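I open this notebook to record what I looked up, entry by entry.

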Amino acid sequence: MTITMYGISNCDTIKKAKKYLQDNNIEFTFHDYRKDGLDEALLTTFIDQLGWENVLNKRGTTYRALSEEQKQNLDAQSAKQHLLAAPAMIKRPILQYQGQYHLGFKAAQYDEIFA
């Protein structure tokens with residue numbers, strides 16, 4: 001059973017998700033976009049599995065720094081380019097478990113995933 005969590009290590013939600021997994025003795029690998037990188041193939045997998053609108057974090061400061069024109073003209077291709085250039089714009093965490101991808105963290109969500 002291989003579990004991979006994708007995100008950025010200094011993110012509060014990532015810290016909560018990691019703590020949940022550790023507290024429940026669930027082994028996982030952490031892939032930090034800043035240290036381990038993000039390639040187009042991995043991002044394409046996220047988008048194919050979860051949808052670009054879901055993967056794009058519109059609440060973060062990186063997204064808010066985009067111009068109004070950039071925000072208005074977002075589509076699958078432009079979003080992908082922005083996400084590759086600034087992985088901090090990817091909603092966190094993305095958890096890969098048993099061939100499925102799960103977005104975000106809530107304890108109840110993880111309870112269901114690992115039931």
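Entry on charge. I located the mean positions of the 14 positive and 14 negative charges of the protein and found them 8 Å apart. I note here that the model is a predicted one.

Entry on the fold. I counted eight helices and four strands. Reading along the sequence, I recorded the pattern β-α-β-α-α-α-α-α-α-β-β-α. Of the contacts between residues at least 6 apart in sequence, I found that 62% join residues at least 24 apart.

Entry on dimensions. I read the span of the C-alpha trace along its principal axes as about 45 × 25 × 25 Å. The radius of gyration is 14 Å, which agrees with the value near 13 Å that a compact globule of 115 residues would have.

Entry on surface and burial. I noted an accessible surface of about 6800 Å², with 43% of it belonging to carbon and sulfur atoms. Of the 115 residues, 43% count as buried.

I looked up the largest nonpolar core, which has 22 residues; Tyr33, Phe46, Ile90 and Ile94 have the most contacts inside it. The elements giving two or more residues to this core are α3 (40-50), α4 (52-55) and α7 (76-85). Its largest share, five residues, comes from α3. I then followed Phe46: leaving aside neighbours within four places in sequence, Phe46 is in contact with Tyr6, Tyr33, Leu38, Gly51, Val55, Ile94 and Tyr101. Apart from this core I found another, of 15 residues, which includes Leu21, Tyr97, Phe105 and Ile113. As a general remark, nonpolar side chains tend to be buried together in soluble globular proteins.

Technical notes. Residues are numbered from 1 along each chain as its sequence is written. This is a predicted model: local features need pLDDT of at least 70, side-chain atom pairs count only at pLDDT 80 or more; totals for chains, interfaces and linings use all residues. Side-chain values use heavy atoms; hydrogens and water are left out. The radius of gyration is taken over C-alpha atoms; the globule rule is 2.2 Å times the number of residues to the power 0.38. Buried means under 20% relative accessible area, exposed over 50%, partly exposed in between (1.4 Å probe, protein chains only). Contact means heavy atoms within 4.5 Å. Accessible areas come from the Shrake-Rupley method with a 1.4 Å probe; for residues, only the protein chains shown count as cover. Lys and Arg count as positive and Asp and Glu as negative; His and the chain ends are not counted. The place of a charge is taken as NZ of Lys, CZ of Arg, CG of Asp or CD of Glu. A nonpolar core is a set of buried Ala, Val, Leu, Ile, Met, Phe, Trp, Tyr and Cys residues joined through side-chain atoms within 4.5 Å.
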